[in-house]
Amino acid sequence: MNLRRVVITGLGALTPLGNNVQEYWEGLSKGVSGAAPITKFDAEKFKTKFACEVKNFDSSEYIDRKEARKMDLFTQYGMVVAQQAVEDSGMDMERINPDRVGVIWGSGIGGLTTFQHEVRDFTKGDGTPRFNPFFIPKMIADICPGLISMKYNLRGPNFTTVSACASSTNALIDAFNYIRLGKADIIVSGGSEAAVTEAGVGGFNAMKALSERNESPETASRPFDKSRDGFVLGEGAGALILEEYEHAKARGAKIYAEIIGGGMTADAYHMTAPHPEGTGIVKVMDIAIKEAGIAKEEVDYINVHGTSTPLGDVGESRAIQQVFGEHAYKLNISSTKSMTGHLLGAAGAVEAIASIMAIQHSLIPPTINHEFADEDIDSRLNLTLNKAQEREVKVAISNTFGFGGHNCSVIFRKLEE
Amino acid sequence: MSEIAQKVKEIIIDKLGVEESEVTPEASFTNDLGADSLDTVELIMEFEKEFNISIPDDQAENISTVGQAISYLEKNVNK
């Protein structure tokens, strides 16, 4: 079967580092941290009192006030980045066939704020159920791609993928496959998450998953550093327009990169702990590389999952060595979560954008906050510590893994005619 | 205008995002003010909350205009 080629023709981002792709990339290349004390609620009693929040967000620049009221924050974030990406792509809605355009979105949780507020209000009452009629449609994780389709009249495949922190990479790979298989010509993909709430922070704190470095939020996310103590919760959204290559060429679209391979595996091991041998993540990179039809030596950059947890970072670094052998030492590796924090279901989308920007600008964004080497991580690996490095990037891999043992790996390549 | 009527108008303006001039007694929530079925349910719930009453479903069905809401509430609040 002849598979079609798929390229990226539009980007949108709303992140703790900036509220569009340009600001986001500027923050990444300068090595800025997006972490600060939590403003969304009073975190005084919480073990972790900081997060990587989106700053100065004003939905009214993008969404009618009446419509915004019916959207959870994760949907508002999604609507904003989808609009940025659609505008960036230069798509002429009058000239495309809406039946051939889909939306495949990723969110790890969905409308957590909405759920929390509705349930809290209910438990404050006398037991009489008085739920808002928008409670369910605001909360469900698939409402964001639904609303994006309504805004632009996009009638192709439409759904949300849920695989915790791998969600939006799953969405990108699904979008890639649907276009390759001829089921759509364009898919608005990406993901959004807004879990900086009492339930989100409290829940992750209970798992001991979050950093508790309250005295120094901006240095708390320190992947691969010996003193790392958990991830920093982030929020935001990323959108990517995936388009069939000939379709993009025919309309003279700007092409950022080609998406050439996607791997998906499961650890089948534990609810939250990564497999000690890293078998699932070795396999997922192998599958993606094989599917891309490239040699391992062609890979220049890996944007790792690297969440800054004690177990995860060691496992991933070892898996990279196992997959790439000697080439592992020639690659650039970095965790942009050191700057953005962990955007959960939106991580894959914003990290895919970071990988594509690295290709565009021939610059590897750094892993910031490195102080102490961890003897469990091979010091010969180039983890792009503390400062961005110039390098021509032809092929970049973005890894994301999720609670539940979901692993995703997606590969982007500089466009070759 | 009664206090109830004023409050009803404010709720409608807030929830439906419409201009005050549009909120006439004859205005229908769905036909004139752009409400869908969920908006209408939410409006009724807001009236219940604001005026601390319970509006049975069969009576809520008969409230589809601004005037109907005001007259229902004027009749049933504080009795």
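I began with Glu42(B), which is buried at 5% relative accessibility. My cut-offs: buried is under 20% relative accessible area, exposed is over 50%, and partly exposed lies in between (1.4 Å probe, protein chains only).

The model is predicted, so local features need pLDDT of at least 70 and side-chain atom pairs count only at pLDDT 80 or more, while totals for chains, interfaces and linings use all residues. Residues are numbered from 1 along each chain as its sequence is written, chains are lettered from A in the order in which they are written, and side-chain values use heavy atoms, with hydrogens and water left out.

**Between chains**

I looked for the partner of Glu42(B) and found a salt bridge with Arg69(A), closest N and O atoms 3.2 Å apart. Arg69(A) sits in the loop between α2 (65-68) and α3 (73-89) of chain A, and Glu42(B) in helix α2 (residues 37-51) of chain B, so the pair joins two chains. Arg69(A) is partly exposed at 22%. I count a salt bridge when a side-chain nitrogen of Lys or Arg is within 4 Å of a carboxyl oxygen of Asp or Glu. Helices (H or I, at least four residues) and strands (E, at least two) are DSSP runs, numbered from the N terminus.

**Within chain A**

Next I checked Lys226(A), which bridges to Glu375(A) at 3.0 Å between the closest N and O atoms. Lys226(A) is in the loop between α8 (198-206) and β7 (236-244), and Glu375(A) in the loop between β11 (363-364) and β12 (389-390), so the pair ties together parts 149 residues apart in sequence. Lys226(A) is partly exposed at 45%. Glu375(A) is exposed at 61%. I also noted Arg228(A) with Asp374(A), a salt bridge of 2.9 Å, N to O. Arg4(A), Arg100(A) and Asp185(A) form a network of salt bridges.

Chain A splits into domain 1 (7-250) and domain 2 (263-413); the bounds come from an automatic or database domain assignment.
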